[in-house]
Amino acid sequence: MEDIFKNNKTYYGFQDREIEDEVLKDLYEMIKNNATSFNCQPLRILFIKSKEAKARLEPFVLDTNKEKTLKAPVTAILAMDLSFYEDLSKNFPAMDVSFLFKDNLDFTYQTAFRNSSLQGGYFMKAAHALGLGTGPMSGFDNNGLDEEFFKNKNWKSNFLCNLGYGDEDQTRPRAPRYEFDEIVEIL
Ligand SMILES: Cc1cc2nc3c(=O)[nH]c(=O)nc-3n(C[C@H](O)[C@H](O)[C@H](O)COP(=O)(O)O)c2cc1C
């Protein structure tokens with residue numbers, strides 16, 4: 001377990017090995033029980049696997065991210081549903097809190113962004129636990145991608161994540177990380 005926190009790296013290329021759909025289902029099973037505020041679960045995931053779907057994605061990916069994205073066995077679009085609060089009566093039965101979000105786009109956006117980003121972190125660590133390598137990317141045209149894939153939905157893309165069985169030759173040397181005393185305080 002320590003390995004996936006201390007020794008994981010970002011992968012810029014993957015082995016020539018498919019990810020079975022069952023593995024993608026296992027991945028979701030591993031992330032779904034993790035915490036979000038009010039159990040609001042705003043994350044939505046679109047797995048881009050086929051050549052046709054990759055061709056639809058390609059125009060919106062930054063040039064420097066194109067090749068690795070087209071070659072990755074799967075690219076996940078991690079998105080957030082800005083209508084998440086419509087399900088709160090089901091997802092958070094303890095009390096009705098949907099009124100906090102209705103007609104309050106700022107709070108709705110902040111909550112969706114914070115919690116879908118947290119869920120995105122759970123997603124990457126679950127992928128690592130399943131033996132997959134991840135290549136997260138924010139270098140893409142969010143609005144263009146949303147128009148292409150989420151036209152009739154209230155979903156907004158957060159980040160992309162290439163997935164595959166990592167090719168150790170396609171990682172970069174570890175860049176500096178802060179030490180405990182540099183960024184942590186205990187009062
Ligand atoms: C949210 C997010 C967005 C990123 N966007 C890009 C990107 O657009 N292109 C890219 O090549 N790498 C991108 N990265 C990769 C980071 O540069 C990389 O994870 C970081 O340098 C740490 O590398 P390491 O895991 O190998 O130590 C992104 C990472 C994250 C978490």
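These are my notebook entries on one predicted protein model.

**Ground rules**

I number residues from 1 along each chain, in the order its sequence is written. Since the model is predicted, I take local features only at pLDDT of at least 70 and side-chain atom pairs only at pLDDT 80 or more, while totals for chains, interfaces and linings use all residues.

**Entry 1: the overall layout**

I began by listing helices and strands. I get 8 helices and 4 strands. Read along the sequence, the order is α-α-β-α-α-β-α-α-β-α-β-α. The radius of gyration is 18 Å, close to the 16 Å from the globule rule for 187 residues, so the protein is as compact as a globular protein of that length. I note that this radius is taken over C-alpha atoms, and that the rule is 2.2 Å times the number of residues to the power 0.38. Along the principal axes, the C-alpha trace spans about 50 × 50 × 30 Å.

Next I looked at burial. A residue is buried with 20 or more other C-beta atoms within 10 Å of its own, exposed with 12 or fewer, and partly exposed in between; the C-beta atoms are placed from the backbone. Of the 187 residues, 30% count as buried.

Then I checked contacts, meaning pairs whose C-beta atoms, placed from the backbone, lie within 7 Å. Among contacts with a separation of 6 or more, 83% link residues 24 or more positions apart.

**Entry 2: strand β2**

Is β2 (74–81) enclosed or open? I found that 8 of its 8 residues are buried, so the strand is largely enclosed by the rest of the structure. In a regular strand the side chains alternate between the two faces of the sheet. Here I see V74, A76, L78 and M80 on one side, T75, I77, A79 and D81 on the other, and all of them are buried.

I then looked for partners (two strands pair if DSSP finds at least two bridges between them). β1 runs antiparallel to β2, with 6 bridges joining them. L43 stands opposite M80 of β2. β4 is also antiparallel to β2, this time with 8 bridges. In that pairing, L78 stands opposite F159 of β4.

**Entry 3: the nonpolar core**

I looked up the core, defined as buried Ala, Val, Leu, Ile, Met, Phe, Trp, Tyr and Cys residues joined through C-beta atoms within 7 Å. In soluble globular proteins, nonpolar side chains tend to be buried together. The largest core here has 35 residues, and A76, L78, F123, A127, C161 and L163 have the most contacts inside it. Elements that each supply at least two of its residues are α2 (21–31), β1 (43–48), β2, α6 (105–129) and β4 (155–164). β2 gives the most, with 6 residues.

Which residues does L78 contact, leaving aside neighbours within four places in sequence? My list is L43, I45, S116, G120, F123, N158, F159 and C161.

Y28 lies in helix α2. I call Y28 partly exposed because it has 13 C-beta neighbours inside 10 Å. The C-alpha atoms of Y28 and F123 are 7.5 Å apart, although 95 residues separate them along the chain.

N8 is in the loop between α1 (2–6) and α2. With 16 C-beta neighbours inside 10 Å, N8 is partly exposed. From N8 to H128 I get 7.6 Å, C-alpha to C-alpha, across 120 residues of sequence.

**Entry 4: two positive phi angles**

I noted F38, with phi near 55°, a positive value in a residue other than glycine. N39 isn't a glycine either, and its phi is positive at about 50°. F38 is in the loop between α2 and β1, and N39 is found in the loop between α2 and β1 as well. F38 is partly exposed, with 18 other C-beta atoms within 10 Å. N39 is partly exposed too, with 14 C-beta neighbours inside 10 Å.

Definitions and conventions: Contact = placed C-beta atoms within 7 Å.
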